Structure formats: C-alpha cells, structure tokens
Amino acid sequence: EIKTISEGYRLQIHEDILVDNINKSIEKYRGKLPDSLYIIFEAPFYKIRYGNYITKKAAEIEKNKLINKGFKNIWIVKSRIN
C-alpha cells in the first residue's frame with residue numbers, strides 16, 4: 001500500500017509539557033475517537049492531533065461534532081496529512 005502525503009488539516013485536541021500526561025491522555029482519547037491520533041512535539045509542548053482533513057471546512061465540521069460531544073479547547077491546525 002502506498003500512502004501519499006499532502007497538505008491538509010488536523011484538530012489539535014490536547015497539549016502538555018509532560019510526555020507522561022500525553023501518554024495517559026492519548027489512551028483516553030483512543031477509546032472515544034474513531035480516527036487517527038498523532039503525538040507531535042513542538043518545544044516545549046507535546047501535542048495530540050486528530051484526523052486527516054483535506055479541507056478546512058471538513059475539519060470545522062468535525063471540530064463542531066467534538067465540541068457537541070463535550071470536548072474543549074480544540075483548534076484546527078495546518079498539517080501534512082496522509
């Protein structure tokens with residue numbers, strides 16, 4: 001299987017300076033979210049990002065769904081997606 005990587009969007013759903021906290025959080029999110037989760041390090045923060053969206057509009061729709069499910073502090077970030 002060949003995966004192509006292109007520019008798109010992901011939802012940032014959590015950030016922390018401690019990797020142990022990120023590892024605990026990602027396990028919690030895996031049980032609640034059906035799409036892919038990614039851990040990104042951008043000093044000094046570890047960040048959890050969710051999904052692969054080709055358009056910003058698609059990311060906005062998913063962001064609103066997550067907010068309606070009780071998630072907070074979600075924002076859309078440009079990202080390479082696969």
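Colleague: Which residue forms a salt bridge with Lys 47, and how far apart are the closest N and O atoms?

Modeller: Side chains of opposite charge can pair when their charged atoms come close. A salt bridge here requires a side-chain nitrogen of Lys or Arg within 4 Å of a carboxyl oxygen of Asp or Glu. Lys 47 pairs in this way with Glu 42, and the closest N and O atoms are 2.7 Å apart. This is a predicted model: local features need pLDDT of at least 70, side-chain atom pairs count only at pLDDT 80 or more, and totals for chains, interfaces and linings use all residues. Residues are numbered from 1 along each chain as its sequence is written, and side-chain values use heavy atoms, with hydrogens and water left out.

Colleague: Which residues are linked with Glu 42 in a network of salt bridges?

Modeller: The network joins Glu 42, Lys 47 and Arg 49. Between Glu 42 and Arg 49, the closest N and O atoms are 3.6 Å apart. For accessibility, buried means under 20% relative accessible area, exposed over 50%, and partly exposed in between (1.4 Å probe, protein chains only). Lys 47 is buried at 11%, Arg 49 is buried at 7%, and Glu 42 is partly exposed at 36%.

Colleague: How many salt bridges are there by this rule, and where do the partners Arg 80 and Glu 7 lie?

Modeller: The count is four. Arg 80 and Glu 7 meet in a salt bridge at 3.5 Å, N to O. This pair links distant parts of the chain, with Arg 80 in strand β4 (residues 75-81) and Glu 7 in strand β1, 73 residues apart; strands (E, at least two residues) and helices (H or I, at least four) are DSSP runs numbered from the N terminus. Arg 80 is exposed, with 58% relative accessibility, and Glu 7 is exposed at 54%.

Colleague: Why is the pair of Phe 41 and Tyr 46 tilted?

Modeller: A pair of aromatic rings is described by the distance of the centres and the angle of the planes. Rings of Phe, Tyr and Trp (its six-membered ring) pair if their centres lie within 6.5 Å; planes under 30 degrees apart count as stacked, over 60 as edge-to-face and the rest as tilted. By this rule there are two aromatic pairs. The rings of Phe 41 and Tyr 46 have centres 4.6 Å apart and planes at 45 degrees, so this pair is tilted. Tyr 46 is partly exposed, at 23% relative accessibility.
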